[in-house]
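Here is a friendly walk through a two-chain model, with the geometric criteria spelled out along the way. Please keep the viewer open as you read.

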Amino acid sequence: MNAVVRGLRGFATYMGSLMGADAYRKYLEHFEASGHSGSVMTEREFWRDRMDRQDSNPQGRCC
Amino acid sequence: MGKISNQSGVAEGLDPTLPPPAVDDSVREAEERRWTPAKIGLWIAISLLGAVAWFMLALVRGETVNAIWFVFAAVCTYLIGYRFYSKVIERYLLKPDDRRATPAEYKADGKDYVRTDRNVLFGHHFAAIAGAGPLVGPVIAAQMGYLPGTIWIIIGVVLAGAVQDYLVMFFSMRRGGRSLGQMAREELGVIGGTAALVATLLIMIIIVAILALVVVNALGESPWGVFSVGMTIPIALFMGVYLRFIRPGKVMEVSIIGFVLLMAAIIGGGAVAGTEWGAAFFHLDKVTIAWGIIIYGFIAAILPVWLLLAPRDYLSTFMKIGVIVMLALAIIVVRPEITVPAFSEFAGRENGPVFSGALFPFLFVTIACGALSGFHALISSGTTPKLIEKERQTRFIGYGGMLMESFVAIMALVAAISIDRGIYFAMNAPLALTGGTVESAAQWVNSLGLANVNITPDVLAQTAKDVGEESIISRSGGAPTLAVGLAHIMQQFIGGPGMMAFWYHFAIMFEALFILTAVDAGTRVARFMLQDSIGNFIPKFKEASWRPGAWLCTAIMVAAWGAVLIMGVTDPLGGINTLFPLFGIANQLLAAIALAVCLAITAKRGVFKWLWIVAVPLAFAAVVTITASFHKIFSPVPAVGYFANNQAFSKALADGKTEFGTAKTVAAMEAVVRNTMIQGVLSVIFVTLSIIVIIAALLATIKAIRAGGGQDHEDPPVPSRVFAPAGLFPTQVEKKLLAEWNALPAEKRTQKAGHH
């Protein structure tokens, strides 16, 4: 049973990273590791910034 | 051996306090070359199974062939291609060096340049390259029988498609994630680069237009489809608002909510279409739907990304992975028997009703995505290279990702050929041939004289009823046929015949979702390219945030693909029949351009001995597309040549005829004259631009060969400070090295190389 739960949880985590759900966590990691000057973005600010940057930098989707 | 940028410099710059960022070359080579009996046995088994599967598909001529052999033939060939051929490319042509940091490491910014787990990135890249293309091309190509398409999809991907994706991704990664257009300009000079840019822009317009045409054909006169696909817009808007204002960053949560709503929309669509007002309100003809998509496309492309594009992209990714896993399971569990012949009666002719033209070259352009798709070069350069963690992972992500898409194409082919051939032709032939009613369609199909085909009007009517549609006659474009095939397989897997209508609309829904995302994203990308080009003359246009410029350029792009779309929808010859080859040609020309750029880069790296790895697919793509273009331009057969058709109809008009061929009115005849002229001119422009690019690349290549190499435009090497395995599973030596890294104190391990 444990193995099933772990498997499902692993799959959920995988799908999460695939969709980019962990982007903010990765941003924080990077921020801490690189010792940025300036203030860190809050989660809300980060997602706004992420979406707004896509506006000026569109990514193609394939056929 | 040719010269590769100074790797020794990297070796000296490595941090001595860290474990090595790469498995030692000699250790890795030793492991790769160690053939244990178990390993040998495994590869013999794979080869034997693959050989048996190909034998069953290609040589055994029984009444039927089981679908499972398609799966085995594909998977075994992919495994062999991946293990051996892509390894050759890696070892002798690309020579990745894990001691070099990737852009995700040396340009790390926590936003665009982020080291991403290889398995996650594999899924991410796959979701970006796979869309509706591999789902519809093989369906349309099934007109010629299953074997030509199967061979091209499986062999083509191993020798051409996956090679292109891999090379472009690697070269872009070595250049900090530069786009194909930028690489073309750097490697081929101003003329070649400009031609590549213009060709890319035009090709994008054609591709968006024809994808939109597929959706229009799938939704025309289908109240259920119009309702459920229409509902994706409010669902996406809701998700966008939710993510922006209510719970930012909860991507999984909102995707699951969106998915549930989507299912509700499909089920609700059946109920709505069943009511009198619903059937009346959502019953739209194709021209109305086409205008709807054009208006939608414009609005979607100027709305902020967070409101519509991003949430729909989440839904699309979610559906994509789900659908493909489910379809693979269903085919393996159900194992349908295929009655379609290996080569059909149309394999040797050039006047097939589904698409016109001879097997060579038109089969090879009809199936573009899945075997060789130039559009991928735009994805492989750009987003993905900025996320790669280690250089060696490009083989898994680039080459492997494309193999996965090819597998999707094979499954689409299997789904499409699992339905009766009579139904297939009734669904895919233009209205002008089938007549539009079940009686006339059945009569026409039976008159084709196809072996083992004897369809009755009742069967056609019953099939339409099963999938919850008013009619399935002349639903060309591939998507509806695939949906019927998928419904046919899936109902045997889950739900029984009562679920067929749900599965049909489920399939239509996900295809529409993929396509609308591609239309929206394609319009945006094209708009930026146009803004950038105009910006060279009027600098104000380069400012992405300048609204009038953005709106004007969006309008121009939408008008361009919208015009082609309307032309396709109103074409008396059946839009798909004449336009789909143009789509394939455009896509393959882009592939030729991408491969030409790769050829020049490879030659400049000085690896002449292995140049054929790029030259062979380039030559094939160039021959196929240029031949196909020449057929379309010069063929005297009106069904094939645009200008021949143009002349035939012009002459008929001049003779005062009021109907000619499939055009029943003077207005329709005039439409044919206009359409064929536009299509012909587009063909001429495409092929000219591509020939310019290919010649520029060949000149650059010859120059590099004479000089023994050329200037490389790679970013300067930076020593890497991280390690990750190259493939799906870590090898023994990689595990050992990983253990060393994991043993490091946490503060050293998380250290990023980004900011020196």
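## Terms and ground rules

Helices (H or I, at least four residues) and strands (E, at least two) are DSSP runs, numbered from the N terminus. This is a predicted model, in which local features need pLDDT of at least 70 and side-chain atom pairs count only at pLDDT 80 or more, while totals for chains, interfaces and linings use all residues. Residues are numbered from 1 along each chain as its sequence is written, chains are lettered from A and ligands numbered from 1 in the order in which they are written, and side-chain values use heavy atoms, with hydrogens and water left out.

## A pocket in chain B

Let us begin with open space. On a 1 Å grid over the protein atoms alone, a pocket is an open set of points with protein on both sides within 12 Å along at least five of seven lines, whereas a cavity is a set of points where a 1.4 Å probe fits but cannot get out; lining residues have an atom within 4 Å of a point. Grid points are joined across faces, edges and corners, and a volume is the space filled by probe spheres set on the points.

The second largest pocket has a volume of about 1,200 Å³. It is lined by 37 residues, and those closest to its centre are S179(B), Q182(B), L197(B), M529(B) and D532(B). Helix α9(B) gives the largest share of this lining, 12 residues. In chain B, α9 (180-219), α16 (375-380) and α23 (500-535) each supply at least two lining residues. By class, the lining of this pocket has 16 nonpolar, 17 polar and four charged residues; here Ala, Val, Leu, Ile, Met, Phe, Trp, Tyr, Cys and Pro count as nonpolar, Asp, Glu, Lys and Arg as charged, and the others, Gly among them, as polar.

## Where the chains meet

Contact (heavy atoms within 4.5 Å) links 35 residues of chain A with 60 residues of chain B. The two chains bury about 4,000 Å² between them, 62% of it on carbon and sulfur atoms; buried area is the accessible area (1.4 Å probe) that two parts lose on being put together, summed over both. Which three residues supply more than any other three of the area that chain A buries against chain B? They are M19(A), R61(A) and C63(A), with 23%.

A salt bridge is a side-chain nitrogen of Lys or Arg within 4 Å of a carboxyl oxygen of Asp or Glu. The whole structure has 36 of them over all chains, and five lie across the interface of chain A and chain B. In one pair, R53(A) and D112(B), the closest N and O atoms are 3.0 Å apart. This pair crosses from helix α3 of chain A to the loop between α5 and α6 (118-129) of chain B. The side chains of E43(A) and K250(B) also form a salt bridge, at 4.0 Å from N to O. On the side of chain A that touches chain B, α1 (2-19), α2 (23-34) and α3 (43-55) of chain A each give two or more residues. The largest share, 12 residues, comes from α3(A). By class, that side has 15 nonpolar, nine polar and 11 charged residues.

## Enclosed cavities

A search of the whole structure finds eight cavities of 30 Å³ or more. The largest cavity holds about 110 Å³ of space. Of its 13 lining residues, W47(A), M51(A), L243(B), R244(B) and W306(B) are the closest to its centre. Helix α3(A) supplies the largest share of the lining, four residues, and α10 and α14 (309-334) of chain B each supply at least two. This lining has eight nonpolar, two polar and three charged residues.

The second largest cavity has a volume of about 60 Å³. Among the residues that line it are R100(B), Y106(B), M173(B), E391(B) and D715(B). Both α5 (103-106) and α8 (146-174) of chain B supply at least two residues of this lining, which divides into seven nonpolar, one polar and four charged.

## Backbone details

Two spots in chain B deserve a look. A cis peptide bond joins F360(B) and P361(B), with omega about 5°, and P361(B) has its place in helix α15 (residues 359-366) of chain B. E221(B), a residue other than glycine, has a positive phi near 55°; E221(B) is found in the loop between α9 and α10 (223-246) of chain B.
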